[in-house]
Amino acid sequence: MAEGFKEMLQGLEELAQAFKEAMETGGVARVITHNDADGLSAGGIIHRALTREGYPVHTRSIKQLEEEILVELAEEGSGVVVFVDLGSGLLREMEEHLSDKRVFVLDHHQPKEGENSIPMVNPHLYGIDGSREVSGAGMAYLFARTLSDDNKDLADLAIVGAVGDIQDGDGKLKGVNKEILQDAVNAGVIRVEKDLRLFGRQTRPLYKALELTTEPFIPGLSGSESACIQFLRDLDIPVKKNGGYTMLADLSKDERKRLTTALILKMIEHRVPPPLAESIVGDVYTLLREEKRTPLRDAKEYATLLNGCGKHESNGVGLAVTIGERSKLYQKALEMLKEHKSYLANCYSWVSSNLDRIKDGGVVYYFHAGDEISENVIGTVASMVLNSRILSPIKPIVAFSEREDGAIKVSARGTRELIELGLNLGKAMHYASEKVGGEGGGHDIAAGAKIEKGLEMEFLKYVQEEIGRQLKDESQG
Ligand code: C5P
Ligand code: C5P
Ligand code: ZN
């Protein structure tokens with residue numbers, strides 16, 4: 001493993017020592033995490049690891065870390081706060097508002113420049129690509145493993161987090177994630193196989209699994225039930241077999257081969273780059289402790305279930321699932337998964353009937369969904385628009401949506417091809433936010449911001465200025 005990894009483990013060791021010392025004075029450890037799949041997995045890992053050590057823990061997940069939350073935390077009694085899967089963007093503000101608390105940060109977002117005294121372990125500071133090689137849940141897991149080797153069984157949740165952040169976008173996990181995967185396999189909690197990377201491959205009829213697969217996005221099939229049924233018919237693969245629906249596992253070797261080839265060709269026909277099209281086949285992760293034929297058995301479906309909870313105001317339910325609850329709240333989580341998928345299906349139809357609202361700004365595409373698409377899923381919808389390849393040539397996309405508090409949520413998404421050309425959306429969101437008095441950041445490929453209503457076009461001008469520079473610098477070598 002790379003030198004940076006050893007150093008990062010050393011950093012985690014030091015952070016763990018300081019954390020234990022801070023906990024000696026008694027009191028509750030307050031854990032704050034993000035409310036998406038990665039954040040909820042991270043929260044579950046930390047909560048369980050700290051509980052195992054006998055520490056009283058209170059875990060909460062939030063949509064976005066904003067300064068007001070730090071102000072709220074400052075008022076609370078607990079002396080120890082652990083931020084996980086967030087925090088990198090607000091270190092200076094933590095110094096200001098939480099000066100009388102012991103604060104610890106485990107994050108994988110790109111840190112902002114400038115000195116501060118907050119103890120943070122972040123892969124980017126060790127030369128490790130936090131956008132692709134380790135997630136927030138991965139950082140939480142490595143911290144838990146530092147506390148005790150007994151926590152190695154929590155590695156399955158770290159895989160759910162990585163898959164939730166699409167760090168398996170190439171069809172397999174790499175770098176630090178690969179190390180964590182090895183721990184999960186050794187602990188007997190995960191099985192890795194090569195298969196078609198379809199959503200719900202063990203729980204849904206094949207035609208449905210095709211329809212629900214959006215990573216990678218299959219233009220012409222993703223989101224369209226009738227197209228998927230016709231596609232299977234054309235391939236001579238029966239939609240129903242022996243009185244029930246055909247599942248992926250029911251396919252003969254020959255049928256599976258036909259399906260795989262046809263899917264790759266379909267994507268290439270729609271200008272999906274061949275390596276991305278081929279990533280439809282890759283590693284799939286089975287969580288061996290979860291019940292067979294349930295969504296939690298497959299890492300991708302587990303992650304979507306968590307996103308369903310987080311993005312529809314049921315963070316607590318998602319957190320309960322990652323902490324281990326499998327009764328009433330789990331039933332609620334299953335409902336949220338259904339609701340999430342159906343909400344997204346409506347968003348896809350919204351996009352198809354509002355294509356004229358997607359504008360070409362020159363450097364980026366952009367659209368404003370107003371209050372028609374919830375700010376919670378605007379990022380997912382932006383990814384979908386970009387990955388569906390309905391827009392050509394390929395450019396990053398910036399989407400705006402109204403927040404409940406009247407401000408504007410921005411989500412930006414890029415492609416791997418653009419990253420290779422120098423695109424860094426996290427930096428662009430940060431730059432443009434600073435210019436208009438907002439807050440923004442994230443990863444190179446996926447980032448976001450919060451700005452005041454009315455400033456969208458000015459913000460966009462700065463985004464384009466910065467991205468224009470990024471892509472030009474690279475082309476000039
Ligand atoms: O805050 P966090 O790091 O957990 O979120 C990363 C976000 O970026 C996720 O919502 C994930 O779906 C998104 N992403 C994406 N495309 C990628 C990689 C990540 O939309 N290729
Ligand atoms: O919300 P969305 O999925 O578009 O966020 C993409 C990425 O940008 C996430 O990793 C999120 O944590 C980050 N982000 C941020 N600051 C914001 C909004 C989003 O760092 N104000
Ligand atoms: Zn994350």
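Guide: Around ligand 1 there are 14 residues, the closest being Asp36, His109, Asp165, Arg413 and His443. This is a predicted model in which local features need pLDDT of at least 70, side-chain atom pairs count only at pLDDT 80 or more, and totals for chains, interfaces and linings use all residues. Residues are numbered from 1 along each chain as its sequence is written, chains are lettered from A and ligands numbered from 1 in the order in which they are written, and side-chain values use heavy atoms, with hydrogens and water left out.

Visitor: What makes a residue count as near a molecule?

Guide: One of its heavy atoms must lie within 4 Å of the molecule. By that criterion 15 residues surround ligand 2, and the closest are Gln64, His109, Lys409, Ser411 and Arg413.

Visitor: Which distance places a polar side-chain atom of Asp36 by an oxygen atom of ligand 1?

Guide: The distance is 2.7 Å. A polar contact is a pair of N or O atoms within 3.5 Å (within protein, one must be able to donate a hydrogen and the other to accept it, and residues adjacent in sequence count only if both atoms are side-chain atoms), so the Asp36 pair at 2.7 Å qualifies. Polar side-chain atoms of Asp85, at 3.2 Å, and Asp165, at 3.0 Å, also lie by an oxygen atom of ligand 1.

Visitor: Which side chain has an N or O atom 2.8 Å from an oxygen atom of ligand 2?

Guide: That side chain belongs to Arg413. A nitrogen atom of ligand 2 is 3.1 Å from an N or O atom in the side chain of Gln64.

Visitor: Why is H5 called roughly antiparallel to H6?

Guide: The axes of H5 (residues 136–147) and H6 (residues 155–164) come within 7 Å and cross at roughly 160°. Angles under 35 degrees count as roughly parallel, over 145 as roughly antiparallel, 65 to 115 as roughly perpendicular and the rest as oblique, so H5 is roughly antiparallel to H6. Ala137, Gly138 and Tyr141 of H5 make the contact (heavy atoms within 4.5 Å) with Ala155, Leu157, Ala158 and Gly161 of H6.

Visitor: Why is H14 called oblique to H15?

Guide: Their axes come within 10 Å and cross at roughly 50°, and therefore H14 is oblique to H15. Leu344, Cys347, Tyr348 and Val351 in H14 meet Thr380, Val381, Met384 and Val385 in H15.

Methods
Axes fitted to C-alpha atoms, helices over the stretch in contact; angles between N-to-C directions. Helix = DSSP H or I, 4+ residues; strand = E, 2+ residues; numbered from the N terminus.
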